[in-house]
Amino acid sequence: MTRENGPSLAPLRTWLITGASSGLGHALAECVLRHGDQVVLTAPTLSGMEALAARHPRSALALELDVTDPLQRIDAVDRALTHFGAIDVLVNNAAIDFLGAVEEQREDDYRAQFEVNFFGAVGMIRLVLPGMRKRRSGTIVNVSSMDGLASLPANGYYSSSKFALEGLTEALWQEIEPLGLRAFLAEPGSVRTGIEHRTTFSGHPIDDYAASSGAFRELLAKLTPEMFPGDPVRVAAALREEVLTPSGRHWIVMGSDAQRRIQTKLSMLLAELEAGRATAGRTDYPGSGPAVL
């Protein structure tokens, strides 16, 4: 496939987006295709992607990809490279969520969250980086969440999987920016993607958590789309803009609710940091030299 775009011969970007069958991933794929770039849409099943790919037969490729399967990850990247020649933007958007208190959730469910939300993203990053390093060009977008900086009761495992993704990405951009590459975190709030119909509780309720996890169970039954302020079309447009005209920021917060929750968390953290200043200082060896880090 050509990597030139129109009479101006502007270079095409090829995006690989995981979790593109619905929600934000699908909205981003639509946005990118509408503006003339190429997209590899991936999800565990082709349902939800075939129609969009059919409308853009030259610039879209839909592939089945379970990000937890190493062989499927390799195959998807190989097919993307064969079809389009390069992967310029990787968007790690695939994610799953189970609700429940830390003590309530089933082990296979919380391990599954890490396999998709963290280890799946890690596997994709490691596969695309060699090509990006060789070209000294490429962007990695890791879709986190406001929950990746500010955890909530009944969502501890999802939050911790996103906390892990945040920590990895913070190290990643320090490693790859000197090579001319870029990585950043997208931190959307509550986006109106129908997620309330796809999120379920894990394990059995424990009465002692009625005020925390139990309250979330009751809330989930009452959710309506209007309670989700985020517009997936606007979030997608903002993500594309950040890739094309980078601001230099590493944490891209999207949504008034995300801005509010993260600000509250940071204010709490700063207050506790200041309150613990004396404790931090008196735990050093007396007269120790400059720290290595």
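The model is predicted, so local features need pLDDT of at least 70 and side-chain atom pairs count only at pLDDT 80 or more, while totals for chains, interfaces and linings use all residues. Residues are numbered from 1 along each chain as its sequence is written, and side-chain values use heavy atoms, with hydrogens and water left out. The structure holds 12 salt bridges, and a search of the whole structure finds three aromatic pairs.

- Helices (H or I, at least four residues) and strands (E, at least two) are DSSP runs, numbered from the N terminus.
- Six of the six residues of strand 4 (residues 38–43) are buried, so this strand is largely enclosed by the rest of the structure.
- Buried stands for under 20% relative accessible area, exposed for over 50%, and partly exposed for values in between (1.4 Å probe, protein chains only).
- Both faces of strand 4 are covered, with Q38, V40 and T42 buried on one side and V39, L41 and A43 buried on the other.
- Strand 3 (residues 14–17) pairs with strand 4 in the parallel sense over four bridges; two strands pair if DSSP finds at least two bridges between them.
- Within this pairing, W15 has V39 of strand 4 as its bridge partner.
- Strand 4 also pairs in the parallel sense with strand 5 (residues 60–64), over five bridges.
- Here V40 stands opposite L61 in strand 5, and T42 has L63 in strand 5 as its bridge partner.
- A right-handed β-α-β unit is made by strand 3, helix 1 (residues 23–34) and strand 4.
- A crossover is right-handed if, with the strands pointing away from the viewer, the path from the first strand over the helix to the second runs clockwise.
- Strand 4, helix 2 (residues 50–55) and strand 5 also make a right-handed β-α-β unit.

**Two residues and their contacts**

- R79 lies in helix 3 and is partly exposed, with a relative accessible area of 43%.
- Leaving aside neighbours within four places in sequence, R79 is in contact (heavy atoms within 4.5 Å) with L61 and L63.
- R79 and L61 are 18 residues apart along the chain, and their C-alpha atoms are separated by 9.2 Å.
- N93 is placed in the loop between strand 6 and strand 7 (98–99), and is buried at a relative accessible area of 13%.
- With neighbours within four places in sequence left aside, N93 is in contact with T18, G19, L24, G25 and V143.

**Salt bridges**

- Side chains of opposite charge can pair when their charged atoms come close.
- A salt bridge is a side-chain nitrogen of Lys or Arg within 4 Å of a carboxyl oxygen of Asp or Glu.
- The side chains of R135 and D88 form a salt bridge at 3.7 Å, N to O.
- R135 lies in helix 4 (residues 107–135) and D88 in the loop between helix 3 (70–84) and strand 6 (89–92), so this pair ties together parts that are 47 residues apart in sequence.
- R135 is partly exposed at 33% relative accessible area, whereas D88 is buried at 10%.
- R249 and E242 meet through their side chains in a salt bridge of 3.9 Å, N to O.
- R249 is partly exposed at 44% relative accessibility, whereas E242 is buried at 6%.
- In the salt bridge between R277 and E274, the closest N and O atoms are 2.8 Å apart.
- R277 is exposed, with a relative accessible area of 55%, and E274 is partly exposed at 46%.
- A network of salt bridges links R106, D108 and D109.

**Aromatic pairs**

- Rings of Phe, Tyr and Trp (its six-membered ring) pair if their centres lie within 6.5 Å; planes under 30 degrees apart count as stacked, over 60 as edge-to-face and the rest as tilted.
- One of the three aromatic pairs joins Y110 and Y157, whose ring centres are 4.3 Å apart and whose planes are at 15°, so the pair is stacked.
- This pair links distant parts of the chain, with Y110 in helix 4 and Y157 in helix 5 (residues 156–176), 47 residues apart.
- Y110 is partly exposed at 23% relative accessible area, whereas Y157 is buried at 14%.
- F118 and F119 form an edge-to-face aromatic pair, 5.0 Å centre to centre with 75° between the planes.
- F118 is buried at 14% relative accessibility, and F119 is partly exposed at 41%.
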